Amino acid sequence: MGYFYLFIAIVGEVIATTYLKSTNNFTEFLPTTCVVIGYGTAFYFMMLAMKTIPIAITYSIWAGIGISAITILGALKYKEIPDMLAILGLFLIIIGVIILVFYSKMGTN
């Protein structure tokens, strides 16, 4: 159940972060509402996930997938196209998360 909760947390965070730029300093009602509900959902379900998944594993998966998804959505919605160094950085983040989750002893706690 922990990974299901983590999935919901990631979706909430990605939705919130995607709308954050559209809030216009929190003056636009719909984007601001999406941000508040999204981050509230993200942190609540991340807390639930941490009851069964170690904190380092939970946070690294949440951050790694979140960063990757936001980069893709930023390119699609805001035309913020990552350059080669940004793509390399994302690749290194993903490799780091994979190592932490699957190959370190932390992933076995």
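In this predicted model, the largest nonpolar core has 15 residues, of which L6, I10, I61 and W62 touch the most other members. A nonpolar core is here a set of buried Ala, Val, Leu, Ile, Met, Phe, Trp, Tyr and Cys residues joined through side-chain atoms within 4.5 Å, and buried means under 20% relative accessible area, with exposed over 50% and partly exposed in between, for a 1.4 Å probe and protein chains only. At least two residues of this core come from each of α1 (2-20), α2, α3 and α4 (84-103), and α2 gives the most, with 5 residues. In soluble globular proteins, nonpolar side chains tend to be buried together.

When residues up to four places away in sequence are not counted, I61 touches Y3, L6, I10, G66, V97 and V101, where contact means heavy atoms within 4.5 Å.

Local features need pLDDT of at least 70 and side-chain atom pairs count only at pLDDT 80 or more, whereas totals for chains, interfaces and linings use all residues. Residues are numbered from 1 along each chain as its sequence is written, and side-chain values use heavy atoms, with hydrogens and water left out.

The chain holds 4 helices and 0 strands, assigned as DSSP runs (H or I, at least four residues, for helices; E, at least two, for strands) and numbered from the N terminus. Of its 109 residues, 31% count as buried, and its C-alpha atoms fill a box of roughly 45 × 35 × 15 Å along the principal axes.

The packing of α2 (residues 29-49) with α3 (residues 55-78) is set out below.

| Property of the α2 and α3 pair | Value |
|---|---|
| Angle | about 145 degrees |
| Axis separation | 10 Å |
| Crossing | right-handed |

The axes are lines fitted to C-alpha atoms over the stretch in contact, and angles run from 0 to 180 degrees between N-to-C directions; a crossing is right-handed if the near helix is turned clockwise from the far one by less than a right angle, and left-handed if anticlockwise. On the α2 side the contact is made by A42, F43, M46 and A49, and on the α3 side by T58, Y59 and W62.

In α1, the buried residues, among them L6, A9, I10 and V14, pack against α2 and α3.
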